[in-house]
Amino acid sequence: MENVLTIRNLTKRFGRLCAVNNLSLTVDRGQVFGMLGPNGSGKTTTLGMLMGVINPTAGEYLWLGEKPTHHIRKKIGAVLEHPIFYPYLTGRQNLELMAMIKQAPTSNIPRVLDLVELTGRENDKYRTYSLGMKQRLAIASAMLGDPVILILDEPTNGLDPMGIAEIRSLIQKIASDGKTIILASHLLDEVQKVCTHFAVLKKGNLIHSGPIDDVGKGAEVVEVSADVADLDRLLDTFTGLSALHRQNGYLQVTLKDGFKSKDLNRFLFEKGVVASHLVTKKKNLEQQFLEILNTHDESL
Ligand SMILES: Nc1ncnc2c1ncn2[C@@H]1O[C@H](COP(=O)(O)OP(=O)(O)OP(=O)(O)O)[C@@H](O)[C@H]1O
Ligand SMILES: [Mg+2]
């Protein structure tokens, strides 16, 4: 696995406030890496340091194994907070201007317009664009130099569900093209849907980092009910059971790693019990996120 980003002991203090504290993490090629954390946890400050617009107080980071240089930065596209475009220029004219500033070839413009599905609207003035179109133009602009890494800060902020879905599929499209994407978000659901890996920041401290897939591992929960007495005692004898709770009038069976709801269903069937309700509740990122934050309450 090729390493794209290594962060070592990165720290940023604003006076007495420590916005990012001794942060270390790595991102590998092809990952869609989500930085999660409540407001003020240091996500934007971290991305700002990685983009060279905020000076770290201490620590360092390497892009593609190298200290950040102008040459390396040209391989990174970024959409940080509110991008500045000219309202009275068209989408295309704005991209032409950005291409000039970035010294990217204007011949890339049709391709990036296509990518973000703004082809056909490129000659309309920027001020007539919807919020979603503005955000897509920002991503198009970040992709002008054909970067290998794309950084996005809260890419779906303020968008409606449709706009959010469009940005999500755009991120997936860019990722499937082999690009590495690093995004900051406080929307857990979004991170769960598009990211392969995630980190959780709290008050500038890294409190968790790992693949998204781990989130559900060993944590499949099946809600079950059946018209029999002593269902709980019967479930206790199921070899795939890891925990049993009663919730909302149902029994909640937490399965062991490797067991699926159909194993539970078969077990019940073999015991002559027909489940009247059997619903798999994969533990979602939100639950895990809250657990991660709560377990770290005492230490922070
Ligand atoms: N220029 C600055 N001067 C002083 N303090 C700052 C500055 N920029 C950020 N901070 C503080 O640093 C902390 C982290 O802010 P940051 O914007 O990185 O958080 P965030 O995780 O991006 O939050 P949000 O989810 O609201 O975007 C906050 O307490 C913030 O007030
Ligand atoms: Mg932020």
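Student: Which residue in S7 stands opposite Val32?

Tutor: Ile181 is the residue of S7 that faces Val32. A word on the source: this is a predicted model, in which local features need pLDDT of at least 70 and side-chain atom pairs count only at pLDDT 80 or more, while totals for chains, interfaces and linings use all residues. Residues are numbered from 1 along each chain as its sequence is written, and chains are lettered from A and ligands numbered from 1 in the order in which they are written.

Student: In which sense do S3 and S7 pair, parallel or antiparallel?

Tutor: Start with the terms. Strands (E, at least two residues) and helices (H or I, at least four) are DSSP runs, numbered from the N terminus, and two strands pair if DSSP finds at least two bridges between them. Here S3 (residues 32–36) and S7 (residues 180–185) pair in the parallel sense over 5 bridges. S3 also pairs with S8 (residues 197–202), again in the parallel sense, over 4 bridges.

Student: How does S1 pair with the strands beside it?

Tutor: S1 (residues 3–14) runs antiparallel to S2, with 8 bridges between them, and Leu5 stands opposite Val27 of S2. S1 also runs antiparallel to S4 (residues 58–63), joined by 5 bridges; in this pair, Thr6 has Leu62 as its bridge partner. The hairpin of S1 and S2 has 2 residues between the strands, and Gly15 takes a positive phi near 60° there.

Student: Which residue has a positive phi although it is not a glycine?

Tutor: Most residues other than glycine have a negative phi, and most peptide bonds are trans. Asn22 has a positive phi of about 55° and lies in strand S2. It is partly exposed, with 14 other C-beta atoms within 10 Å. Leu64 is another case, with a phi of about 50°, and it sits in the loop between S4 and helix H2 (70–73). Leu64 counts as partly exposed because it has 17 C-beta neighbours inside 10 Å.

Student: What surrounds ligand 1?

Tutor: A residue joins the shell if its C-beta atom, placed from the backbone, lies within 6 Å of the molecule. Around ligand 1 the residues include Phe14, Asn39, Lys43, Thr44 and His186. Strand S2 (17–28) and helix H1 (43–50) each supply at least two residues, and H1 gives the most, with 3. By class the shell has 3 nonpolar, 8 polar and 1 charged residues; Ala, Val, Leu, Ile, Met, Phe, Trp, Tyr, Cys and Pro count as nonpolar, Asp, Glu, Lys and Arg as charged, and the others, Gly among them, as polar.

Student: Is Lys43 buried or exposed?

Tutor: Lys43 counts as buried because it has 25 C-beta neighbours inside 10 Å. It lies in helix H1. Two residues are in contact if their C-beta atoms, placed from the backbone, lie within 7 Å; leaving aside neighbours within four places in sequence, Lys43 is in contact with Met35, Gly37, Ala184 and Leu201. Lys43 and Ser185 are 142 residues apart in sequence, yet 8.1 Å apart in space, C-alpha to C-alpha.

Student: Which residues of H10 are buried?

Tutor: An α-helix has 3.6 residues a turn, so residues three or four places apart point the same way. In H10 (residues 261–270), the buried residues are Ser261, Leu264 and Leu268. They lie on the same side of H10 because they cover an arc of only 60° around the axis, where the arc is that of the directions from the helix axis to the C-beta atoms. Lys262, Arg266, Phe269 and Glu270 are exposed on the other side.

Student: How many residues has the largest nonpolar core?

Tutor: A nonpolar core is a set of buried Ala, Val, Leu, Ile, Met, Phe, Trp, Tyr and Cys residues joined through C-beta atoms within 7 Å. The largest one here has 57 residues, and Val116, Ile139, Ala140, Ile151 and Ile181 are those with the most contacts inside it. A second, separate core of 9 residues includes Val221, Val222, Val224 and Val253.

Terms used. A residue is buried if 20 or more other C-beta atoms lie within 10 Å of its own, exposed if 12 or fewer, and partly exposed in between; C-beta atoms are placed from the backbone.
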